[in-house]
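Biologist: I'm new to this one. Can you walk me through it?

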Amino acid sequence: MQSFSYYSPTKLHFGAGAVQAHMADEVAARGFKTALVVTGGGSVRRNGSLDAVLAALSAAGVRAVEFSGIEPNPRVTSVDRAAEVCRREGADLVVAVGGGSTMDAAKAICAAAKFDGPAWTLVLDNSLVKDALPLMTVNTIAATGSEYDNGAVISNIETNEKLPLMSDHLWPVVSFLDPAYTVTVPPRHTVAGSCDAMSHFLEQYFVKDISPVAEGLIEGILRTVMRDTPAVLDNPADLDARANLLWASTLGCNGIAALGSRGSGWPCHAIEHEVSAWYDITHGIGLAILTPRLLRFFLEKDAGFLPRFEGFAERVMGLAPTEFDSREALAQAGIAALEAFYKSIGIPAGLSELGISDEHFEAMADHIVAHWVAPLEAFPVPFTKADVVEVLRRSL
């Protein structure tokens, strides 16, 4: 068990009617006057979440200024425009209504509104975030866990970059999670969200030294996501399954699942961010394509990882060790079972199905070396630039 310090200041309200029951009181108690309400597309109007938020703000005597159109991979240009609206309107609160992209953009907006300069400067140097507007979130998809962490991922299409923005100033003050708002999420987005959530836990599971508490937590969550994703695809109105997926995804990125374990460097996210920066693909889909290839590469590079893969095959994928003639065969079967699950919910077989070639792989690897939050040597199996390129090629 590794030593750790942990801090999570975000208050959560989870369950049916969470916004209607709690938002007005939470906003009024803090004395806010003007809120920038950040949204993506029209889904928040169709599922009722935006109307509920606007009603709660009105009940609290808060003026709402809407900013819509946040992109699926949120762009820094939108962040800069919204930050200017905050300053012009005198906003003292930002409310994100939507999925991970909307919440990520809102965090960057909170920071940029308090910064004298372009938002991309903060993305390139997170230490420059010295202050931020307070943020509340209303999550409408089980995916990123951005409602319960202090990080965001922002894209710059002019430079083909997609980079993290992290600061203790960016924890949401309060987040509201109503599973009913996820019922209308289209199947493809439901799948992408579940794969994103799974990847968060897989990144924290495939490490050399894992806390037994974290191990059990992650294994249980992965089993839950793999059980309930097909359930909501079969019956989108299954609120129990929706609630399970939403709570599982919320725990993905706030550190709880890694307490006591060795860090991983998050290699799958490092590589996928490069792919979606160049090709603007859906993040969760890219992660699901990359994951089995990355795991096989781990196993090839370091046989010392074998016990972790055996445990995954047995306790997560439900395989019986007695049915295999070697430990290695069990480990490989576990990865194959994960890949089969992804296929069963509609994940493409490879990046080439998304129109991706190896044209930019070298540039992607170079960018990881220069900008990722952890060095390649800190990955669970130490990587080189050539290893990154090899994983990408295997993922075509």
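Biologist: What should I know about the model before we start?

Modeller: This is a predicted model: local features need pLDDT of at least 70, side-chain atom pairs count only at pLDDT 80 or more, and totals for chains, interfaces and linings use all residues. Residues are numbered from 1 along each chain as its sequence is written, and side-chain values use heavy atoms, with hydrogens and water left out.

Biologist: And the H and S labels?

Modeller: They are DSSP runs numbered from the N terminus: helices (H or I, at least four residues) and strands (E, at least two).

Biologist: Okay, the sheet. What is the strand order?

Modeller: S1-S8-S5-S4-S2-S3, in an open sheet of six strands with parallel pairing. Two strands pair if DSSP finds at least two bridges between them.

Biologist: Which strands stand at the edges?

Modeller: Strand S1 (11-14) and strand S3 (63-67). Each has a single partner strand, so one side of each is left without a neighbour in the sheet.

Biologist: How much are neighbouring strands turned against each other?

Modeller: By 20° on average, direction ignored. Axes are lines fitted to C-alpha atoms, for helices over the stretch in contact, and angles run from 0 to 180 degrees between N-to-C directions.

Biologist: How many bridges join S2 and S4?

Modeller: Strand S2 (residues 34-38) and strand S4 (residues 93-98) pair over four bridges, in the parallel sense. Val38 has Ala96 of S4 as its bridge partner.

Biologist: Which helices pack on the sheet?

Modeller: Helix H1 (residues 18-29) is one of them, touching S1, S4, strand S5 (135-139) and strand S8 (174-177). Its direction makes about 165° with that of S8. Contact means heavy atoms within 4.5 Å. Helix H4 (residues 76-89) lies across S2, S3 and S4, and runs at about 160° to S3.

Biologist: Switching to helix pairs. How do H7 and H8 sit?

Modeller: The axes of H7 and helix H8 (residues 212-234) come within 10 Å and cross at roughly 170°. That makes H7 roughly antiparallel to H8. On the angle classes: under 35 degrees counts as roughly parallel, over 145 as roughly antiparallel, 65 to 115 as roughly perpendicular and the rest as oblique.

Biologist: What residues make up that contact?

Modeller: By class, 13 nonpolar, four polar and two charged. Ala, Val, Leu, Ile, Met, Phe, Trp, Tyr, Cys and Pro count as nonpolar, Asp, Glu, Lys and Arg as charged, and the others, Gly among them, as polar. On the H7 side they include Val191, Met198 and Phe201, and on the H8 side Ile218, Leu222 and Val225.

Biologist: And H7 with H10?

Modeller: Helix H7 (residues 187-205) and helix H10 (residues 267-279) pack at about 135°, with axes 9 Å apart. They are therefore oblique to each other. Asp196, Ser199, His200 and Glu203 of H7 touch Pro267, Cys268 and His269 of H10. That contact has two nonpolar, three polar and two charged residues.

Biologist: Now charges. How many salt bridges are there?

Modeller: A search of the whole structure finds 21. A salt bridge is a side-chain nitrogen of Lys or Arg within 4 Å of a carboxyl oxygen of Asp or Glu.

Biologist: What does Asp149 pair with?

Modeller: Lys107, at 2.5 Å, N to O. Asp149 lies in the loop between S5 and strand S6 (151-156) and Lys107 in helix H5 (residues 100-112), so the pair ties together parts that are 42 residues apart in sequence.

Biologist: Is that pair buried or exposed?

Modeller: Asp149 is buried, at 6% relative accessible area. Lys107 is buried too, at 0%. Buried means under 20% relative accessible area, exposed over 50%, partly exposed in between (1.4 Å probe, protein chains only).

Biologist: What about Glu272 and Lys162?

Modeller: Their closest N and O atoms are 3.9 Å apart, in a salt bridge. Glu272 lies in helix H10 and Lys162 in strand S7 (residues 161-166), so the pair ties together parts that are 110 residues apart in sequence. Glu272 is buried at 0%, and Lys162 is buried at 5%.

Biologist: And Arg296 with Glu339?

Modeller: They meet in a salt bridge at 2.7 Å, N to O. Arg296 is partly exposed at 21%, and Glu339 is partly exposed at 26%.

Biologist: Which residues are linked in a network?

Modeller: Glu215, Glu219, Arg308 and Arg315, through salt bridges.
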